Amino acid sequence: EIDDLKMLYVAASGQARAWMLLALNAGFTQKELSDLRDFEVCLDVEAPYIHRKRGKTNVEMKWELWPETVEAIRRERAFENRHQRIFLTAHGKTLCGGKENGRDAVRQVWRKLRVQAGVPDALSFKYLRKTGADWMKRLDGVSTSEMYLAHVEAQQMSRHYTNRDWDRMNETLWKMRDIFEPMWVSQA
């Protein structure tokens, strides 16, 4: 619910806000936040965006970024690092350490944030991605939602012959921003 999201957003640190915004704006999970690199983020253009391939599906994507997302990235961007990561932990490590060590800084922060915000029954962080996908589907249908999620196209051959309608998806992203705006409007 928007009211729950607002309570979480208000209680969140700057970095957690940036993560929430990217989860909604670009459908990012913890792994995508951890893997996001400097060269995939273009902020100093008229219409800022992220252009990358999703690691899980190897699907190329390009999401336009909301002004709130751009500002949050600018404020919370990690110092220059050898991994070229946008976000690092306070100790300079990647947010997710992989299956071998099980580190997930986003999950740890989210767990504490839910209690601090008074929304202990809030779902896990990945549900922000699901919330965004649900709104994309409501606003413009399954194909736009699937594009937002960077899923492989259902018609496998289609991807070899057709282009994704990124303009349409990004237009829908801006409609979705209007829905989520109550989260941060009182924070300006």
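A residue is called buried when its relative accessible area is under 20%, exposed when that area is over 50%, and partly exposed in between, as judged with a 1.4 Å probe on protein chains only. Cysteine 96 has a relative accessibility of 13% and therefore counts as buried, whereas cysteine 42, at 23%, is partly exposed. The structure holds zero disulfides, a disulfide being a pair of cysteine sulfur atoms within 2.5 Å.

The model is predicted, so local features need pLDDT of at least 70 and side-chain atom pairs count only at pLDDT 80 or more, while totals for chains, interfaces and linings use all residues. Residues are numbered from 1 along each chain as its sequence is written, and side-chain values use heavy atoms, with hydrogens and water left out.

Helices (DSSP runs of H or I, at least four residues) and strands (runs of E, at least two) are numbered from the N terminus. Helix H1, residues 2-11, packs with helix H2, residues 14-26, at an angle of about 145 degrees, and their axes are 8 Å apart. Such axes are lines fitted to C-alpha atoms, for helices over the stretch in contact, and angles run from 0 to 180 degrees between N-to-C directions. Leu5, Leu8, Tyr9 and Val10 of H1 meet Arg17, Met20 and Leu21 of H2, where contact means heavy atoms within 4.5 Å.

The strands form an open sheet of three, in the order S1-S2-S3, with antiparallel pairing; two strands pair if DSSP finds at least two bridges between them. Strand S2 (residues 49-53) is joined to S3 by five antiparallel bridges. Helix H9, residues 166-180, packs on this sheet and touches S2 and S3.
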